[in-house]
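Here are my notes on the model. Please read them with the structure open.

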Amino acid sequence: MVLQTIAFAAIGLAVAAVALLLFADFYPFSRVLTVGTAVVSALLGGVVSGYALDGRLPGLVLLLSAVSSGLLLSVLARPDRAAGHGRHRHA
């Protein structure tokens, strides 16, 4: 269980690093919030999918951990606030 927890945390860090490298303008707030959300969502996604699959398919559990981390990071993304992106609203 400890090894899985480390793997889930590493997946969360990797997802956060990719998101911040590729889409840095989409996250105008603190980097700590982005990394923390990615790690916590990867941990929760991994634990929940591990219990749901009864630990039989560890590769799928790791994949679902990464997917849950990416999905929750996409909730934080603000493409309308990115420099040079999005539409301007006129009143």
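1. A24 is partly exposed, with a relative accessible area of 28%. A24 sits in the loop between α1 and α2. Helices are DSSP runs of H or I with at least four residues, numbered from the N terminus. Leaving aside neighbours within four places in sequence, A24 is in contact with A19 and R31. Contact here means heavy atoms within 4.5 Å. The C-alpha atom of A24 is also separated by 9.4 Å from that of A77, and these two residues are 53 residues apart along the chain.

2. On the basis of the values: this is a predicted model, where local features need pLDDT of at least 70, side-chain atom pairs count only at pLDDT 80 or more, and totals for chains, interfaces and linings use all residues. Residues are numbered from 1 along each chain as its sequence is written, and side-chain values use heavy atoms, with hydrogens and water left out.

3. Now α1. Its 21 residues should span 30 Å at 1.5 Å a residue, and its end C-alpha atoms are 30 Å apart, which agrees. The expected span is 1.5 Å times one less than the number of residues. The buried residues of α1 are F8, I11, G12, V15, A16, A19 and L20. Seen down the axis of α1, they fall within an arc of 160 degrees, so they line one face of the helix. The arc is taken from the directions from the helix axis to the C-beta atoms. An α-helix has 3.6 residues a turn, so residues three or four places apart point the same way.

4. What do the buried residues of α1 pack against? They pack against α2 and α3. The face of α1 turned away from this buried side carries the exposed residues V2, L3, I6, L21 and L22. A10 is also found in α1, and at a relative accessible area of 43% it is partly exposed. The C-alpha atoms of A10 and Y27 are separated by 20 Å, with the two residues 17 residues apart along the chain.

5. Helix α3 covers residues 58–76. Its 19 residues reach 28 Å from first C-alpha to last, close to the 27 Å expected at 1.5 Å a residue. V61, S65, S68, S69, L73 and L76 are the buried residues of α3. They fall within an arc of 130 degrees, seen down the axis of α3, so they line one face of the helix. What covers them includes α1 (2–22) and α2 (31–52).

6. T34 lies in helix α2. It is buried, at 0% relative accessibility. Which residues does T34 touch, not counting those up to four places away in sequence? They are A16, L20, Y27, F29, L73 and L76.

7. The aromatic rings come next. Rings of Phe, Tyr and Trp (its six-membered ring) pair if their centres lie within 6.5 Å; planes under 30 degrees apart count as stacked, over 60 as edge-to-face and the rest as tilted. By this rule there are two aromatic pairs. F23 and F26 are stacked, at 5.5 Å centre to centre and 20 degrees between the planes. The ring centres of Y27 and F29 are 6.2 Å apart and their planes are at 85 degrees, so this pair is edge-to-face. Y27 is buried, at 5% relative accessibility. F29 is partly exposed at 27%, and F23 is partly exposed at 42%.

8. How much space lies in the largest pocket? The value is about 180 Å³. Its lining consists of M1, Q4, F8, G46, V47, G50, Y51, D54, G55, P58, V61 and L62. α1, α2 and α3 each supply at least two residues of that lining. α2 gives the most, with four residues. A pocket is an open set of points on a 1 Å grid over the protein atoms alone, where a 1.4 Å probe fits, with protein on both sides within 12 Å along at least five of seven lines; lining residues have an atom within 4 Å of a point. Grid points are joined across faces, edges and corners, and the volume is the space filled by probe spheres set on the points.

9. Please check D54. It lies in the loop between α2 and α3. D54 has a positive phi of about 60 degrees although it is not a glycine. Most residues other than glycine have a negative phi. D54 is exposed, at 53% relative accessibility.

How values were computed. Buried < 20%, exposed > 50% of the residue type's maximum accessible area, 1.4 Å probe, protein only.
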